[in-house]
Structures are given as structure tokens and as C-alpha cells.
Amino acid sequence: MKKVLFVPDSFKGTMSSQEICEILSQELHKVWPQAEAAAIPVADGGEGSVDAFLAAVGGEKIAVPCKGPYMEDVQGFYGRLPGGAAVVEMAAAAGLPLAGDRLHAEQTTTCGVGQLILAALEGGAKKLIVGLGGSATNDGGAGMLAALGVRFLRRDGTPYLPVGGTLDQLDRVDLSGLEPRLSRVEIIAMCDIDNPLCGPAGASAVFGPQKGADEAMTAVLDRNLSHFADVAAESLGRDLRDAPGTGAAGGLGFAMAAFLGSRMQMGIETVLDTAGFDRLLEGADLVITGEGRIDSQSMRGKVVTGVARRARAAGVPVAAVVGDIGDGAEAAFDLGVSGIFSINRVAVPFSQAKLRSKDDMRATAANLFRVLERLGL
């Protein structure tokens with residue numbers, strides 16, 4: 001074995017992607033001390049995305065004071081990558097952990113996300129990657145847009161900062177003050193869901209309850225987002241409410257696509273492109289990827305299948321090391337995965353399994369490399 005490329009997702013609640021890469025590398029070198037190990041830690045756009053990109057390609061984390069989901073002062077950040085790209089994870093300013101036990105989807109704002117984007121532009125960003133995971137918001141991205149210079153006006157002409165519960169007061173939007181530098185940079189919205197803005201599969205119906213919305217409030221939030229889309233269509237001359245991914249992060253995906261012209265892209269594709277996966281794949285004998293659970297849902301552009309498709313095109317075999325194997329996982333074989341290996345070595349509940357996950361990952365990796373070595377690979 002001359003070269004192995006590690007591209008695992010994190011195992012939620014147990015191990016970060018970076019920790020998994022370190023364990024795999026250590027066990028690889030016990031069997032093949034001279035082998036080259038390349039690693040691309042992966043994040044899905046939610047909490048930890050900036051750290052994952054920095055671990056993968058280098059750069060620095062820039063601290064930015066900004067507003068949190070309830071307009072409180074928080075310490076946010078963004079990642080400045082080599083080559084001029086900047087990574088913003090919306091969760092750093094408007095994520096569920098910042099809301100704590102105070103879950104009121106109708107009151108939260110994405111204003112701080114806009115402030116992080118402005119800070120990245122001030123720092124000279126030539127490309128923006130915005131992760132749309134882990135939100136506590138349902139404001140359709142209005143708060144972000146307001147921080148970027150868009151004015152929201154009521155019927156009497158007074159400006160205000162809309163939140164999910166007050167979008168119905170919106171009469172028109174004034175785009176004249178939108179930050180001009182946004183038109184001169186490439187913007188990618190990193191998103192792993194395809195939900196539209198409104199309706200039974202929309203932002204409010206699917207994600208509102210986990211942000212504190214009961215059935216009645218969910219209906220209000222959905223109606224208000226639909227009204228926002230109506231007003232936006234009048235100003236922009238196009239209606240994107242049904243576009244896949246516009247329901248991400250409480251409708252932040254809608255604001256980014258409709259007002260900022262951002263490109264919606266699966267998280268794994270964004271990571272692989274940014275980290276130079278195709279270049280790192282050159283000369284590799286094996287790719288090891290993985291995620292906490294692989295099942296039929298993993299076939300929808302998740303990490304394992306996203307990695308496998310690219311590796312198969314280059315003729316490089318792929319092993320998936322996972323926490324759990326669910327129904328439908330075998331479909332991954334048709335997408336380029338050569339084998340799936342679970343680290344779940346004993347039948348215990350997750351509360352117990354997570355305590356031994358690192359040891360189990362190490363043992364599984366050791367077994368995999370030992371078998372490959374005995375086969376002369």
C-alpha cells in the first residue's frame with residue numbers, strides 16, 4: 001500500500017472527522033510505515049464546518065463579534081482559506097446551540113449571518129462558501145439580507161427587521177443598498193437537503209417543530225414565508241420558492257438563491273472541490289470514507305456515495321467504515337463502494353457504544369489494514 005486517502009464524515013455525538021482521520025492514519029502506519037496518508041475531514045454545512053475546512057486545506061479562523069438568533073451579542077467567526085475563499089457556517093451566528101432552551105422559531109433572526117458575510121468581504125474574500133446547517137431560524141434569510149443592506153418596508157413605508165412571525169407585515173423590499181461586493185464574488189450555499197421554501201415539505205413544516213414551533217405556529221410560519229416569496233417575486237421578477245434547497249436553514253437557502261444568486265451545492269461536493277480531492281486521488285491505492293450510519297438515505301448525495309462516485313471514475317477502490325449499517329445500504333455497492341465495515345462490535349445501546357467508539361474505530365481500522373496486508377495489497 002503506497003497511498004491511502006481518508007475522507008470520512010463525523011460520527012455525530014462520538015467522533016469528529018478529524019479524529020477519525022487521525023485514528024485511521026495511525027493504524028495505517030502500523031501496518032505500512034512508509035505509506036502516504038492524505039486526509040480530507042468533512043463537514044455537512046452545520047456546526048464544525050469551518051474547522052473541517054481549515055483542517056483539510058489550512059487557513060485561519062477569524063473571530064467576528066455579531067448578533068445571535070435573538071439579536072444578543074455573540075462571538076462568531078468565519079474561516080479564511082488559502083486562495084481567497086471564505087467559509088461561513090450560519091450556525092456560528094444563528095444555530096440551535098446558541099438558542100439553548102429558548103426555542104421560538106417565530107422570533108429568531110439570521111442577522112448575524114449577514115454580519116459574518118460582511119466581515120469575510122472586508123477580509124478580502126473572493127469566494128464565499130456558506131454552510132446552511134443547524135439553524136434556529138425561520139425568517140427566510142431576511143435578517144441576513146438586512147445586514148447586507150436590503151431594506152424591508154411595511155405597508156406604511158416604515159422599515160423594520162422581519163423575523164418569521166412578522167414576515168406577513170412586509171409590503172416591499174428595497175434592494176438599492178445591497179452590498180455591491182456580493183455581485184463580484186462567487187457564492188456557494190452548502191446544503192444537503194432539497195426541501196422547498198413552503199408547503200408540507202418546506203422549511204416550516206419539516207424543521208419548524210425542532211425549533212419550538214407547535215402546529216399552529218408552523219402554519220403561521222409557512223404562510224409568512226409564502227408571503228415573503230410573493231413580495232420577493234415582485235421585486236426580483238422570478239419566483240424560486242419551489243427550487244430545491246430553498247427551505248434550508250429556515251429559508252436562508254431561499255434568500256441566498258433568490259437575492260444573492262448563490263449556487264446551491266451538496267456539502268460533500270463543495271468539500272471535495274475545495275480540498276482538491278481529484279488531485280489528492282492521483283496515485284491512491286485506496287479511499288476510506290464513512291459516516292455514523294449508512295442506509296438508503298445515504299444514497300442521496302451524502303458523504304460516502306459522493307466520495308465513491310468520484311473515486312470509481314478514477315478506478316480507485318473505496319472502503320466505507322461506518323457506525324451502523326441500516327436497510328438499503330447495499331445500494332452503495334452500485335455507486336462505487338467496494339466494502340462496508342461497521343465499528344459496532346458489540347450489541348449495546350448508542351449511549352454505551354459512543355463511549356467506546358474511538359477504540360472500536362481503531363480496532364476496525366486495524367482489522368481492515370491487516371487483511372489488506374495479508375492479501376498483498
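**Notes on the predicted model**

1. Among the contacts in the chain that link residues at least 6 apart in sequence, 70% join residues at least 24 apart. The model discussed here is a predicted one, and its chain holds 14 helices and 15 strands.

2. On overall dimensions, a compact globule of 377 residues would have a radius of gyration near 21 Å, and the 22 Å of this chain therefore agrees with that expectation. Along the principal axes, the C-alpha atoms fill a box of roughly 75 × 45 × 35 Å.

3. Of the 377 residues, 55% count as buried, while the accessible surface of the chain comes to about 15,400 Å², with 51% of that area belonging to carbon and sulfur atoms.

4. In soluble globular proteins, nonpolar side chains tend to be buried together. The largest nonpolar core in this model has 82 residues, and the members that touch the most others are Ile117, Leu128, Met144 and Phe259. Helix H9, which covers residues 252-260, supplies the largest share of this core, namely seven residues.

5. Ile117 deserves a look of its own: once its neighbours within four places in sequence are left aside, Ile117 is in contact with Val88, Leu128, Val130, Met144, Leu148 and Leu182. Two of these partners, Leu128 and Met144, are themselves named with Ile117 among the core members that touch the most others.

6. Thr137 sits in the loop between strand S6 (127-131) and helix H6 (142-147), and with a relative accessibility of 0% it counts as buried, because the cut-off for that class is under 20%. Not counting residues up to four places away in sequence, Thr137 touches Met90, Ala94, Thr108, Thr109, Thr110, Lys211, Ala249 and Gly250.

7. Ala249, one of the residues that Thr137 touches, has a positive phi of about 55° although it is not a glycine. Ala249 is found in the loop between helix H8 (215-236) and H9, and its relative accessible area of 8% means that Ala249 is buried.

8. Met71 likewise is not a glycine, yet it has a positive phi, of about 65°. Its place is the loop between strand S3 (60-67) and strand S4 (73-80), where Met71 is partly exposed, with a relative accessible area of 34%.

Note on methods
Residues are numbered from 1 along each chain as its sequence is written. This is a predicted model: local features need pLDDT of at least 70, side-chain atom pairs count only at pLDDT 80 or more; totals for chains, interfaces and linings use all residues. Side-chain values use heavy atoms; hydrogens and water are left out. A nonpolar core is a set of buried Ala, Val, Leu, Ile, Met, Phe, Trp, Tyr and Cys residues joined through side-chain atoms within 4.5 Å. Buried means under 20% relative accessible area, exposed over 50%, partly exposed in between (1.4 Å probe, protein chains only). Helices (H or I, at least four residues) and strands (E, at least two) are DSSP runs, numbered from the N terminus. Contact means heavy atoms within 4.5 Å. The radius of gyration is taken over C-alpha atoms; the globule rule is 2.2 Å times the number of residues to the power 0.38. Accessible areas come from the Shrake-Rupley method with a 1.4 Å probe; for residues, only the protein chains shown count as cover.
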